[in-house]
Structure formats: C-alpha cells, structure tokens
Amino acid sequence: MLGIQVDDALGKTSDDQGVHWNEAEREVLMANLTARRPFLDFVYSRTNPDGSQQYLMVSGEAMFDRSGRFAGYRGIGKDVTETMRHD
C-alpha cells in the first residue's frame, strides 16, 4: 500500500509504473521508516497515471525480534481520497 519498494542493497526506492508521488510527503515518510519511528495517521498523496489524485493514510510501528533486530513494520493503511477531496 505504501507504494515504496526499497532495494536493500542500494537503499534506493522505485515507483509504481506511471505514478507520481508528492516528493515532500514521501521524504517525511521515508525519514520515519529509515529511523524506525512510529507514525500515526500520516497522509500522503500521489498522482495516478490517469491524472487522478489519490490520498493514503497510514499508521505504523517498527517491530523488533527478541535480539533487538528490526523485523519490519506493523500497521494499517487506508485510501482516504474521498474524504480529502475539496469539491
């Protein structure tokens, strides 16, 4: 759902085909992920290939195994496009 694929070897991200993310919002999210910080109701947006705007809201918390090694994020996300529209 986040739409962020990280190449662990290179530490780079790649986009879905034809999707244009709001880079400022995405940088904030990536900073949280990189620092393993929790985030609550973070809203970010993207422009889809058809030109429509989409808004996503995510919350997540870093999870660690018994030895303290990062194991991933646990969280939830939803599409909030309808509530974000300013018609």
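Which residue in S6 is the bridge partner of Gly 60? I looked this up first, and the partner is Gly 75.

**Ground rules.** I am working with a predicted model, in which local features need pLDDT of at least 70 and side-chain atom pairs count only at pLDDT 80 or more, while totals for chains, interfaces and linings use all residues. I number residues from 1 along each chain as its sequence is written, and side-chain values use heavy atoms, with hydrogens and water left out.

**The sheet.** I traced an open sheet of four strands in the order S3-S4-S5-S6, with antiparallel pairing. Strands here are DSSP runs (E, at least two residues) and helices are runs of H or I with at least four, numbered from the N terminus. Two strands pair if DSSP finds at least two bridges between them. S3 (20-21) and S6 (70-79) are at the edges; each has a single partner strand, so one side of each has no neighbour in the sheet. I then checked helix H1 (residues 23-34), which packs on the sheet and touches S3, S4 (39-47), S5 and S6. The direction of H1 makes about 145 degrees with that of S4; axes are lines fitted to C-alpha atoms, for helices over the stretch in contact, and angles run from 0 to 180 degrees between N-to-C directions.

**S5 and S6.** I found nine bridges joining these antiparallel strands. Another bridge I looked up pairs Met 63 with Gly 72 in S6. The two strands form a hairpin with five residues between them, and Gly 68 in the turn has a positive phi of about 90 degrees. Gly 77 is in S6, and its C-alpha is 5.5 Å from that of Met 57, though they are 20 residues apart in sequence.

**The core.** How many residues does the largest nonpolar core have? I noted ten, among them Trp 21, Leu 29, Phe 42, Tyr 44 and Leu 56. Such a core is a set of buried Ala, Val, Leu, Ile, Met, Phe, Trp, Tyr and Cys residues joined through side-chain atoms within 4.5 Å. H1, S4 and S5 each supply at least two of its residues.

**Gln 54.** I placed this residue in S5 (residues 53-64). Why does Gln 54 count as buried? Its relative accessible area is 14%, and buried means under 20%, exposed over 50%, partly exposed in between (1.4 Å probe, protein chains only). The Gln 54 side chain makes polar contacts of 2.8 Å with the side chain of Arg 46 and of 2.8 Å with that of Asp 79. A polar contact is a pair of N or O atoms within 3.5 Å; within protein, one must be able to donate a hydrogen and the other to accept it, and residues adjacent in sequence count only if both atoms are side-chain atoms.

**Ser 45.** This residue lies in S4 and is buried, at 3% relative accessibility. I found a polar contact of 3.4 Å between the side chains of Ser 45 and Gln 53. Beyond residues up to four places away in sequence, Ser 45 touches Trp 21, Glu 25 and Gln 54, among others; contact means heavy atoms within 4.5 Å.

**Salt bridge.** I found one in the structure. It joins Asp 65 and Arg 69, with the closest N and O atoms 3.1 Å apart; a salt bridge needs a side-chain nitrogen of Lys or Arg within 4 Å of a carboxyl oxygen of Asp or Glu. Asp 65 is partly exposed at 30%, whereas Arg 69 is exposed at 55%.
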